[in-house]
Amino acid sequence: MRVHQSDTNAAAESELHITNPADGTSVGSIAKTGEAEIRETIQRAREALPGWRGTSAGERGQMLRAAGRALAEREAEVAELHRRETGKDLEGALGGVRAAVDTLLQYSELAPVHRGKSLLGSGTSLDMMRPEPRGVAAIVTPWNDPVAVSAGLLGAALAMGNTVVHKPSERCPHLGGLLGEILAEHFPHGVLSTVTGGAREGEVLVGSAEVDLVAHVGSTHAGERIARSVALTGAHLVRENGGNDALIVDSGVPVRWAAEQAAIGAFTNAGQICTSVERIFVHRDIATEFIDALAAEAQRWDAEERVPPLVDDRMRDEVHEQVRSAMDRGARARVGGVVPEGPGSRYPATVLEACTPDMAVMREETFGPVAPVMVVDDFAEALERAAADEYGLSASVLTPSLRHAHAAIDRLAVGTVKINNVFGGAPGGAAQPRGRSGAGFGYGPELLDEMSTVKVVHLEPVPE
């Protein structure tokens, strides 16, 4: 049968085609959800809402636990698909699935004990604040840690009595579909649904007047488009978007340890983490030794094949363009900075020295295994440079000085400041991004507050 070009283009527009970032082989194709079907899915969630919000918190918790256990039973299958669609190494993918299971179990326990507040009124009346679900939740999740992030948002929303329509990233639609299939089986019909597609399908979902809550984790560009759309509907919005996280390396720290910290922050998961180290400010007193040590770390990471591929060729092209642009402006690649030959979308651990604030690699989120370094004269300059940023996700400081640590905590307008550990933090902790990085609590017990709204009740008897 002869296939017309128009038919081929129509099929391409209606499907998502995914290749393995490691070797370029096909993972498969999946149909995008049509606009009419998305609206029907939202309507089913609306119809399921009264019954679900009327289900006791304890029963909702039991269903969430059952869903978490079902995910645990299929962890190997989910992790393998995660590896094939996103390029994450199998150990990391399995860790993400297990974190997702833990998160679902966490919210199954936290929601039933989530409390309202009593207010001090007169002795003959009762005043209280009662938490209630917001309604239908549209949840849009990323590709870089898709199972764990999705579980957090889905778990908190469902535990508080919201119904959910989930759109996973178009870069891992098979994985998102499998996750939805495993979890949805344990909830009543319409309570949890999954739709598939790209930006257009996402806009249909988050722009619906029938949606009461939108939660998004992903790029800043997408998050800002969602914010403009949600401003027209009045839905509550929670978003954690990109960052341009600074690392300050103060004088007096062990240099080799500091280089190891910088490498962990910049190269883990090929730099494809929202809180990756994106720009480094190092004190001049230790700069030469630090850059040498960081270059050695980058070489070791590559030799040990610890840097996974980027998610696709488009992402690699964007990363390399930032590196190339920086080098055109005077930066020097001590290690890396060259696109490898062969299939897949790998990019080497890259260390750039002689960077300046005007370079895109210092001003924008790179989302690749790139460590751009700028030398500063003192801690005050480092703090000033780090604070000059439109984003507000997190920042890290390596310093032996308690005074400098406190100054950084006070001065840096970010949701999280990490002192002497680039990925430090208590499990279950939450943070509020600032600036272009988003708004609202993500993760932790505080996410339950985002997924609910409060009704104030005053109750007193009829006069005798």
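Which residues lie nearest the centre of the second largest pocket? They are Arg171, Gly218, Ser219, His221 and Ala222, out of 37 lining residues. This is a predicted model, in which local features need pLDDT of at least 70 and side-chain atom pairs count only at pLDDT 80 or more, while totals for chains, interfaces and linings use all residues. Residues are numbered from 1 along each chain as its sequence is written, and side-chain values use heavy atoms, with hydrogens and water left out.

**Pockets**

- On a 1 Å grid over the protein atoms alone, a pocket is an open set of points with protein on both sides within 12 Å along at least five of seven lines, and lining residues have an atom within 4 Å of a point.
- The second largest pocket has a volume of about 980 Å³, where a volume is the space filled by probe spheres set on grid points joined across faces, edges and corners.
- Helix 9 gives the largest share of the lining of the second largest pocket, 6 residues; helices (H or I, at least four residues) and strands (E, at least two) are DSSP runs numbered from the N terminus.
- The lining of the second largest pocket divides into 13 nonpolar, 14 polar and 10 charged residues; Ala, Val, Leu, Ile, Met, Phe, Trp, Tyr, Cys and Pro count as nonpolar, Asp, Glu, Lys and Arg as charged, and the others, Gly among them, as polar.
- The largest pocket holds about 1300 Å³ of space, and of its 39 lining residues Asp145, Ile273, Thr275, Gly429 and Tyr443 are the closest to its centre.
- Helix 5 (90-110), helix 6 (146-159) and strand 16 each supply at least two residues of the lining of the largest pocket, with the largest share, 7 residues, from helix 5.

**Cavities**

- There are 3 cavities of 30 Å³ or more, a cavity being a set of grid points where a 1.4 Å probe fits but cannot get out.
- The largest cavity contains about 60 Å³ of space, and among the residues lining it are Leu153, His216, Arg239 and Tyr443.
- Strand 8 (213-217) and strand 9 (236-240) each supply at least two residues of this lining.

- Strand 11 (residues 279-283) and strand 14 (residues 370-376) run parallel and are joined by 4 bridges, and valine 282 has valine 375 in strand 14 as its bridge partner.
- Another open sheet has 6 strands in the order 7-6-5-8-9-17, also with mixed pairing.
- Strand 7 and strand 17 (438-439) are the edges here, each with a single partner strand, so one side of each has no neighbour in the sheet.

**Aromatic pairs**

- There are 3 aromatic pairs: rings of Phe, Tyr and Trp (its six-membered ring) pair if their centres lie within 6.5 Å, and planes under 30 degrees apart count as stacked, over 60 as edge-to-face and the rest as tilted.
- Tryptophan 52 and phenylalanine 187 form an edge-to-face pair because their ring centres are 5.7 Å apart and their planes are at 85 degrees.
- Tryptophan 52 lies in helix 2 (residues 35-53) and phenylalanine 187 in the loop between helix 7 (173-184) and strand 7 (192-194), so the pair ties together parts that are 135 residues apart in sequence.

Key: Two strands pair if DSSP finds at least two bridges between them.
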